[in-house]
Every structure is written in C-alpha cells, then in structure tokens.
Amino acid sequence: MDCREAMQWLSDAVDKRLERNLDREIFEHLERCKNCRSEYEMERLTKEGVRRRLVSVKAPPPLVERVSESLVTVPVERTFFSAVRAFSGSRTFRWSVAAGLAIILVLVGVNVLDRGAGSRGDVLANTEKNYDAMRMGNMVPKMVAYEAERVQEYFNDQATFQVMVPAIDQCAYISGLVSMNQDVQEAHILFKMDDSTYLYCYQVDVDKAMADQTFTVPDEAVPMLDRNEWYIKSTGERTMMLWKVGNTLCAAVSSMEKEEMRKLLAAND
Amino acid sequence: MQMTFASMAYMLKTAKQAEFEREALPHMNLLYNYSLRMTGNTADADDLVQETYLKAFRFWDKYEKGTNIRAWLFRIMKNSYINRYRKESKEPDTVDYDEVKNFYNSIRDDSVEPNDLEERIFGNLLPDELTKALESLPVDFRTVVILCDIEGLSYEEIAEFVEIPIGTVRSRLHRGRKMLRGKLFEYARKRGYVSKDQR
C-alpha cells in the first residue's frame with residue numbers, strides 16, 4: 001500500500017472498520033511511513049477528543065412536550081392543556097383525563113351554541129360568539145386540515161348550500177363544521193393564522209337565513225349587500241365583515257388588520 | 001347539532017397523530033443533538049427541532065413505511081437548516097497543516113502515554129473551543145463528523161442520511177477531522193500554548 005491509498009483508508013482505519021487484509025496492509029504501511037503514521041495518530045486523537053468531550057445530550061423534556069403538543073391540530077385553548085398537564089403522570093393517563101374533560105366541554109359547547117348561534121338575532125353578533133366558541137374549543141370542528149381544498153370537500157359533502165372556503169395558504173390549519181340552527185344549515189370555517197391570530201368565517205344560505213327573519217343583519221348593511229358591497233365594522237380589537245357571494249351570506253371576524261383580512265377574503269370573492 | 005364521542009377523540013388525537021408520535025418522536029435526541037451542533041445555541045436548536053417535526057407531520061403521508069425514518073427526519077432537518085441559515089459557512093481560514101504536524105510532533109516526543117497526548121491537545125482548550133472549532137467547519141464536513149464521532153453512526157447510515165456514496169463519507173470524515181485539528185491548533189497558538197520555537 002502506498003501513501004495515497006493509506007490516506008484514502010485512513011478514516012476507516014481510525015474507525016476500525018477495515019476488513020482484515022486491508023487493515024493489515026494499512027498498518028504495515030503506517031509502520032514504515034512516519035508521515036502517514038502521524039496523520040493516523042492525529043486523526044485518531046481528534047476523533048477520540050470529540051467523542052469524549054462532545055457527548056450526545058438528550059432533548060430537553062419541555063421541548064419533547066412542546067413538539068408533541070404542537071401536533072394537536074385542533075384549536076383548543078392552551079390553558080386547557082396546561083390544566084390537563086397539571087395532573088402530570090403518564091401520557092396515557094393524561095390523554096384519558098383530557099378525554100374526560102373534553103366530554104364535559106361538549107356539554108358546555110352545546111350550551112354555548114344554544115345561547116350563541118342558536119338564538120335568533122344579529123348575524124354579526126352570532127358570528128362573534130361563534131368565533132370565540134371555535135377558538136376556545138367549545139365548538140368542535142368535524143374537519144381539520146392543512147389544505148383549503150380538503151375542507152372545501154368536506155363542505156361540498158355535508159352542506160346543502162354553496163359553501164366557499166377561502167383559499168388561504170399561509171395558515172397553520174383550517175377547521176370546518178356544519179351545524180343546524182333552527183332548521184337552517186350553517187357553515188363555520190376557522191383559520192388559525194399563527195399562535196394568537198384566527199380568522200373565522202360564517203356562511204349561510206341567504207334565502208333560508210332571511211326567511212321569517214331567522215337572522216338579521218344591521219339595517220345599514222342591507223343596501224350594501226344588495227349592491228354586492230362589503231359591510232365592514234371595527235369594534236375595538238376586532239374587525240367584522242359581511243358580504244354576499246351568489247346566494248351565500250358570508251360573515252367574518254378576526255383580530256387581523258382590516259386591509260389584510262379583506263385582501264385574504266376578497267381573493268376568493 | 002350532533003357531537004359524537006368520535007369527533008371529540010378526533011379533536012384530541014387523530015390516528016395519524018398517534019402513529020406519527022410512535023414512529024417519529026423516539027428519534028428526537030439524535031435530531032436535537034444535530035440541531036444543537038449546527039445552530040450552536042439551545043433556543044435555535046429547539047426551533048429547528050420543532051420546525052422539523054411540524055414539517056415531518058405535515059408530510060407524513062409522503063413517508064414510505066418501512067424505510068429508514070431517522071434518515072427521513074434527518075433530511076427534513078438538514079433542508080430546514082440550510083433554508084434557515086442560507087449563508088453557507090465558507091471554508092475555514094487556511095491552515096498550514098505542516099505547522100499542525102510539527103506541533104503534534106513536538107508534544108509527542110516527550111510523551112509516552114497516548115491518553116496523555118490527547119489530554120495535552122484537548123485538555124488545554126477553553127470549555128467551548130472544541131464546540132466553536134466544530135461549528136467553524138463547513139456544513140458538509142461538520143455533518144459527517146457529528147454523525148460519526150458524536151452520534152456514533154456507521155458509514156452506511158451516514159451515507160443514507162446525507163445521500164452520498166460511502167467513499168464520500170470517508171473522504172469528508174478525513175478532511176473534516178483534519179480541518180478540526182487545524183482549528184484547534186489555531187486556538188492553542190493564539191493563547192500562546194504553542195511557543196514560537198515549537199513552530
């Protein structure tokens with residue numbers, strides 16, 4: 001074996017992974033050649049130093065928790081999980097406790113709905129209530145996906161009227177729910193934009209919603225909807241929008257900036 | 001409005017999630033270590049791990065069952081790392097390897113025990129100098145050194161992780177370790193541990 005070959009197999013020699021013949025040949029060469037021998041020893045020392053001094057560490061437990069928590073794809077308030085975590089114990093135990101609490105939430109959720117969307121009244125007020133209920137996990141989505149198309153498929157399948165899921169790409173996930181409110185079918189779409197920002201969109205068939213005044217919209221909004229204009233109202237930190245696409249009445253609410261929100265929704269107008 | 005127990009269970013944990021957790025989470029230590037050695041601090045390391053898992057979860061349908069999941073996760077992490085820190089590190093400052101060799105020979109002559117020799121090279125380093133030296137290596141070389149010398153992976157597995165031939169693994173290892181000791185020598189000289197006459 002010559003120096004060039006020895007250099008080629010040097011890392012294998014250091015890592016002791018050469019088969020017997022090659023191993024013997026390289027060490028015979030190292031015996032003879034001082035230059036290659038010192039290369040070998042230096043590489044071996046470097047490896048040993050790294051191996052001993054840069055030990056592999058374990059991922060910190062809070063990170064493991066955070067990663068596993070971030071895989072929960074449904075908008076449930078963080079405090080809910082924190083409360084569950086307070087029970088500590090094994091994962092399985094925690095999940096079963098969570099399931100138990102969740103059942104209680106279902107009951108609460110139904111109540112919220114009865115008082116929220118369930119009551120006759122202003123579409124905007126109901127939209128705002130639903131926005132809170134969806135974010136808090138009190139209204140449970142039937143569909144959660146990353147892609148708008150998948151949520152659209154769900155509505156195509158479940159809704160008796162035309163629901164339009166805005167194609168918003170830059171969101172963490174989208175959840176959808178079809179519910180009945182006094183024989184009127186409603187569609188709920190919640191976009192989680194980032195850790196603290198949501199965009200909720202409510203849709204209902206205009207004719208059904210307006211029949212018998214099941215729902216009402218602000219008086220000043222009526223002529224605007226007739227002209228296919230957007231009715232926009234900002235209350236404190238929230239912006240609400242009302243508009244019509246074909247025969248579908250749409251309402252949206254978010255803590256996002258008015259212009260940004262309008263842009264996201266209008267792209268699908 | 002019908003709310004079934006099934007929809008609640010779905011809310012808490014989908015089958016996909018359960019499967020992903022079972023398959024992918026056990027490899028977090030390896031990913032975290034690589035992430036830590038690449039980013040150099042725990043906050044960025046955490047972020048990179050989290051990003052990697054979210055992406056992996058998102059593309060879970062694309063993972064071919066039965067193939068090496070560690071390699072799959074690793075590749076997602078490496079791509080995320082490169083996207084994030086696009087300013088690819090350049091080759092470290094040129095080192096005169098003859099100088100390194102002379103230094104080595106000078107401390108070797110009066111030393112008998114090989115372990116003692118290691119102590120003389122590494123024992124005089126400041127606590128984070130070895131870490132810093134490793135971080136100064138270009139990504140491709142740093143990656144193989146981390147995977148082989150810290151994580152103890154075989155050449156075969158490294159080849160699969162990085163998607164390079166075994167021959168490239170061995171040459172990158174050889175060069176990577178060489179650059180590393182060049183860097184360590186530089187530190188030693190800066191602190192005056194290597195005296196003029198030793199050069």
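Before you click, note that the model is predicted, so to speak of local features a pLDDT of at least 70 is needed, side-chain atom pairs count only at pLDDT 80 or more, and totals for chains, interfaces and linings use all residues. Residues are numbered from 1 along each chain as its sequence is written, while chains are lettered from A and ligands numbered from 1 in the order in which they are written.

**Stop one: a helix in chain A.** Select residues 34-53 of chain A, which form helix α4 with 20 residues. Helices (H or I, at least four residues) and strands (E, at least two) are DSSP runs, numbered from the N terminus. From first C-alpha to last, α4 of chain A reaches 28 Å, close to the 28 Å expected at 1.5 Å a residue; the expected span is 1.5 Å times one less than the number of residues. Now colour its buried residues, among them Cys36(A), Tyr40(A), Leu45(A) and Val50(A). A residue is buried if 20 or more other C-beta atoms, placed from the backbone, lie within 10 Å of its own, exposed if 12 or fewer, and partly exposed in between.

**Stop two: two loops.** Go to Lys16(A), in the loop between α2 (10-14) and α3 (20-32) of chain A. Lys16(A) is not a glycine, yet its phi is positive, about 50°. Lys16(A) counts as exposed because it has 8 C-beta neighbours inside 10 Å. Then pick Asn228(A), between α11 (221-226) and β7 (231-235), where phi is near 60°.

**Stop three: chain B.** Show chain B as a cartoon to see 11 helices and zero strands. Of its 199 residues, 33% are buried.
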